[in-house]
Amino acid sequence: MSTKEQRERIELLQGTLDLLILRTLLRGPAHGHAIAKAIELNSEDVLQVEQGSLYPALHRLIKRNWISAEEGTSENNRRAKFYRLTSTGRRQLALETRKWDKLAGAIARILRPAGQEGES
Amino acid sequence: MKRRKRMLQELDADIRDHIERETQDNIDRGMSPEEARYAAQRKFGNVTLVKEETREVWSFTWLEHLLADIRFGLRMLRKSPGFTAVAMLTLALGIGANTAVFSLVYAVLLQPLPYKNPASLVVLNETTPKVGTVSVSYQNFLDWRTQSHSFSQLAAVHQINFNLAGISQPENISGDAVSPEYLSMMGVRPFLGRDFGASEDKAGTAPIVLLGYSLWQSHFGGDPDAVGKTISLDGRAFTIVGVLPADYRGFDKTDVMLPIGVWVTDNPEGASSRGERGDMVAIGRLAPGVTFQQAKTEMEGIAARLAKEYPATNDRFGVALQPIRDAFVGDAKPAIFLLFAAVLFVLLIACANVANLFLVRGASRTKEVALRIALGASSGRIIRQMLTESFVLSFLGGVLGVALAVAGNRGIAELIPQDMMPPGGVNLNGAVFGFASVVVILAAFLFGLAPALHATRPDVQVELKEGGRTASAGAAQNRLRGALAVAEISLALILLVGAGLMMKSLYLLLQVDPGFRTDRVLTLTMDLRTQQYAKDAAVLNFWQALLDRVRALPGVESAAVGTVVPLTESHSRSDVTIEGMAAPAPGDYPHPDVHLVSPGYAATLGIPVMRGRAFTDHDNENAPLVGMINLMMARRFFPKEDPIGKRFMFGHPSTANPPKWFTVIGVLGDTKLYGLANPARLEVYIPLRQRPTSKMTLAVKSGADPTALTSSIREAVQSIDKDQPIFAITTMKQLESDSVATRRMTLVLLGLFSGLALILGAIGIYGVISYSVAQRTHEIGVRIALGSPRRDVFRMIVGQGLRLAGIGITFGIVAAFGLARLMSSLLFGVSAADFETFAAVVALLVFVALLACYVPARRAMRVDPIVALRYE
């Protein structure tokens with residue numbers, strides 16, 4: 001049984017990962033590996049996500065009906081599972097993005113309050 | 001959950017595919033295949049863990065945990081069968097008693113009434129300060145209906161009895177004459193046939209009836225062709241136009257229903273005279289948006305106007321409104337609430353007891369819990385697991401309890417006064433089972449939470465080091481256990497005080513001299529309703545023939561007929577004027593109960609003649625008009641004179657009402673006509689032959705068991721008129737017993753519950769003390785070894801128990817003082833703070849507490865110091 005603290009930290013990461021997956025799929029359906037690559041590329045490799053953790057996140061999003069999975073063939077004619085943003089997922093992404101902006105803004109204000117910039 | 005299965009099945013392939021792609025990418029970047037695969041795997045992370053976490057997304061971990069906890073709980077309960085049996089039985093008693101009483105509460109107070117939107121239905125009666133609530137006069141009803149705006153509809157319901165003959169044995173049935181809109185207002189549609197038409201409230205309405213469902217079943221075999229046939233009521237043919245639905249519920253049994261126009265036709269006088277208050281209530285449906293209070297205010301205004309307008313009949317008459325539910329429940333409400341509160345107390349005591357048991361067992365499990373916490377179990381998880389154990393126990397107790405309730409249900413139903421009983425009876429239904437489930441859950445929390453929180457609190461290190469010995473189970477836990485025992489004693493005291501007060505009330509009530517004899521007197525009623533009794537002479541002949549034949553029966557000591565037998569529902573009151581009395585306001589005339597009786601009435605019922613003489617056969621239609629009055633009447637109106645020879649008349653003197661004076665020839669003792677708990681009222685008695693009437697109750701004093709006479713009396717009646725039904729066959733003893741039925745039911749159940757509480761409370765104290773003795777064996781051993789007399793040890797232990805009892809008793813007395821006042825409407829002749837009752841209950845509790853301490857104290861006294869010390 002893991003301790004509480006650890007579990008909370010994981011949850012926080014997962015929540016962020018969920019948001020990134022949704023954002024990535026906004027550009028169109030993609031398979032798992034492509035999603036991982038896109039997140040890495042777009043974050044300029046700052047976010048080093050263990051690629052495996054993508055899968056629990058994908059399954060959680062499917063369970064919540066924010067994305068759907070379908071069989072398809074990829075560029076080199078290989079069978080692959082494609083993940084696609086649902087309309088619920090689209091709404092959720094907008095919501096989560098707003099929440100994230102708010103949170104990020106608030107944290108930024110706390111960390112660098114206006115007026116203290118010069119003094120410190 | 002097909003999605004779940006498919007997603008998980010393909011997970012392996014997806015992961016393999018992912019890693020292959022990454023490997024390919026790496027190869028493309030110039031790595032060797034081996035290196036590329038290794039890097040891809042490292043980047044992916046722990047495959048097994050990923051799979052596990054993904055699987056967890058789809059699984060119901062909480063459900064799996066719950067099932068594991070339940071299995072574990074069952075195993076733990078099986079491992080200590082003694083504990084489980086005691087706890088389960090305690091809970092079963094608590095939950096069973098609650099379920100049984102709730103089934104009563106539901107049937108009487110909660111079960112939806114079978115009407116459309118019953119919440120807006122209001123029952124209206126008239127009131128007079130002389131009597132209280134009385135029936136409505138039809139003329140007043142008609143004025144109420146035209147003048148009020150609070151009701152969208154207002155209907156009259158007049159209770160009538162009929163003699164039904166020609167189908168089986170002649171019998172007396174009850175019916176309602178109702179305004180034609182009554183059924184549609186109530187939202188009731190006939191099961192068969194038609195509702196009454198709007199015009200069927202006028203004089204001249206043809207005799208038609210709707211049959212009650214059960215009469216239709218019993219007398220017509222449920223034959224739909226009954227509609228259109230006729231039924232013989234009072235010797236007249238009524239056309240059956242339909243059948244009421246099976247779930248129809250009236251205030252009395254409704255064997256037949258007829259439009260009020262039929263009653264208006266048959267009783268032109270009753271329908272047109274405003275002073276005639278027969279047996280009618282009005283029922284109204286509040287207009288949309290009108291509150292009960294608004295309707296009440298409006299109706300009171302109308303009643304006040306009518307009182308001014310028609311002082312002769314309405315002076316000081318008001319109006320009483322009540323929601324229809326209250327009209328059904330009557331005065332049983334406080335008793336039911338009392339029982340419900342009592343049974344909740346029993347449950348609380350049961351929970352306290354089980355919590356105590358859990359704490360004892362928790363003490364022996366501290367090591368297990370500490371070990372689990374040390375191994376990383378969160379305390380939340382352990383609390384959840386222990387609560388699950390409580391739930392399992394509570395559930396098992398609940399199942400057993402409901403079984404007990406099912407068994408006890410019949411008994412409770414028998415205790416309920418008949419008029420309180422809804423037609424479906426008291427039974428266990430969905431609502432009752434729902435309630436039982438809620439109780440099970442609440443109980444589990446009540447007795448499970450404190451021990452669970454306690455179990456997870458101890459310092460892990462200390463517990464493990466202590467090697468599981470329970471010496472450090474801690475002062476806090478002992479305090480909690482003591483507090484639980486104290487609470488049990490307090491609750492038991494409250495219940496015992498309630499039961500004690502009820503017992504004393506009932507005892508005092510049965511000591512009340514009713515003013516008449518109840519031993520070996522049979523009563524039965526007859527109503528001569530057919531055309532052959534239209535003439536007074538025929539009526540008188542029937543009663544005379546009846547008395548002659550009954551008096552001749554072997555075993556009969558005396559027999560008489562009278563109109564108002566004490567303790568029955570039937571009453572007849574009238575204003576009287578006493579000769580020479582200054583004329584009071586119309587509403588202030590003396591308003592005695594009027595008895596029309598045959599000679600021998602006072603002797604048969606054992607009502608003492610205080611002055612003068614009783615009626616004889618000579619006080620007949622040809623003799624001067626005479627009457628008897630009761631003692632109260634004599635004292636009130638002739639305080640200083642001899643009432644014999646004084647005269648009174650019925651009604652108010654006026655030119656339209658030439659005086660017909662009755663001369664007082666005797667004074668009888670007062671009788672408790674309205675029940676033992678109610679004060680006597682003014683009464684006058686008139687010889688039957690001077691005021692013939694068709695409905696009378698025959699009272700027969702027998703030398704032996706009076707009920708043995710029933711069949712020979714029935715034969716006597718049939719030999720005079722084979723179609724004449726007799727009904728309401730009972731004994732005065734039974735009437736007396738019925739009159740205290742609600743109180744007796746309350747006493748029996750309260751006694752049962754408080755007895756249960758006492759036993760559980762005693763077990764509680766016993767448990768706490770004997771556990772503490774076990775804990776202190778070492779200490780006691782040391783004391784004895786150091787020379788402390790064993791008597792002192794005994795005293796110390798008993799003192800500990802008595803201290804708990806003392807605290808509990810103190811709290812209990814304070815609470816009982818407050819709570820007993822709420823039951824004062826159920827008490828008779830005893831104050832809610834009755835010293836004797838409180839003293840007796842305290843003495844009983846102290847005695848029981850002593851008893852509960854005795855065994856553990858003896859055990860403590862006999863502690864062998866050597867054994868106790870070696871035990872270390």
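**Figure 1. Pairing around strand β4 of chain B.** B:N161 stands opposite B:S174 in β4(B). The view is taken from a predicted model. Strand β3 (residues 151-164) of chain B and strand β4 (residues 171-178) of chain B are paired in the antiparallel sense, with eight bridges. Together β3(B) and β4(B) make a hairpin that has six residues between the strands. In the turn, B:G166 adopts a positive phi of about 90°. β4(B) also pairs with strand β9 (residues 256-259) of chain B, here in the parallel sense and over four bridges. In that pairing, B:A177 is placed opposite B:L258 of β9(B).

**Figure 2. Strand β20 of chain B and its partners.** Strand β20 (residues 683-687) of chain B is largely enclosed by the rest of the structure, because five of its five residues are buried. B:E683, B:Y685 and B:P687 point one way from β20(B), whereas B:V684 and B:I686 point the other way. Strand β15 (residues 593-597) of chain B runs parallel to β20(B) and is joined to it by five bridges. Within this pairing, B:L596 lies opposite B:I686. Strand β17 (residues 626-630) of chain B runs antiparallel to β20(B), and two bridges join them. B:M628 has B:Y685 of β20(B) as its bridge partner.

**Figure 3. Surroundings of B:I629.** B:I629 belongs to strand β17 of chain B. With 32 other C-beta atoms within 10 Å, B:I629 is buried. Residues up to four places away in sequence aside, B:I629 touches B:A634, B:P643, B:V664, B:V667 and B:V684. B:Q544 is 85 residues from B:I629 in sequence, and the two C-alpha atoms are 24 Å apart in space.

**Figure 4. Nonpolar cores.** The largest nonpolar core has 120 residues, of which B:V346, B:A757 and B:I765 touch the most other members. Helix α15 (residues 333-374) of chain B gives the most to this core, contributing 23 residues. Neighbours within four places in sequence aside, B:A757 is in contact with B:F345, B:V346, B:I349, B:L491, B:A492 and B:L495.

**Figure 5. Domains 2 and 4 of chain B.** Chain B is divided into domain 1 (2-59), domain 2 (131-315), domain 3 (332-510 + 741-870) and domain 4 (531-722). Between domain 2 of chain B and domain 4 of chain B, the C-alpha centres lie 30 Å apart. Five residues from domain 2 of chain B and seven residues from domain 4 of chain B take part in the contact. On the domain 2 side of this contact there are three nonpolar residues, one polar residue and one charged residue.

**Figure 6. The open sheet of chain A.** Three strands of chain A form an open sheet with antiparallel pairing, in the order β1-β3-β2. The edge strands are β1 (30-31) and β2 (67-73) of chain A, each of which pairs on one side only. β1(A) is joined to strand β3 (residues 79-85) of chain A over two bridges, in the antiparallel sense. A:H31 has A:F82 in β3(A) as its bridge partner.

**Figure 7. Contact between chains A and B.** The contact is made by 16 residues from chain A and 22 residues from chain B. On the chain A side, α2 (32-42), α3 (54-63) and β3 of chain A are the elements that give two or more residues. α3(A) gives the most to this side, with six residues. By class, the chain A side has five nonpolar, six polar and five charged residues. The model scores ipTM 0.80 and pTM 0.76.

**Figure 8. Residues 467-472 of chain B and prediction confidence.** Chain B has an average pLDDT of 89, and 96% of the residues score at least 70. Over residues 467-472 of chain B, however, the pLDDT is below 50. Beyond near neighbours in sequence, this stretch has seven contacts in the model. Where pLDDT is low, predicted coordinates should not be read in detail.

Conventions: Residues numbered from 1 in each chain as written. Chains lettered and ligands numbered in written order. Predicted model: local features only at pLDDT ≥ 70, side-chain atom pairs only at ≥ 80, totals over all residues. Domains from an automatic or database assignment. Contact = placed C-beta atoms within 7 Å. Nonpolar A, V, L, I, M, F, W, Y, C, P; charged D, E, K, R; others polar. Pairing = 2+ DSSP bridges. pLDDT = per-residue confidence, 0-100. Buried ≥ 20, exposed ≤ 12 C-beta atoms within 10 Å, placed from the backbone. Core = buried A, V, L, I, M, F, W, Y, C linked by C-beta atoms within 7 Å.
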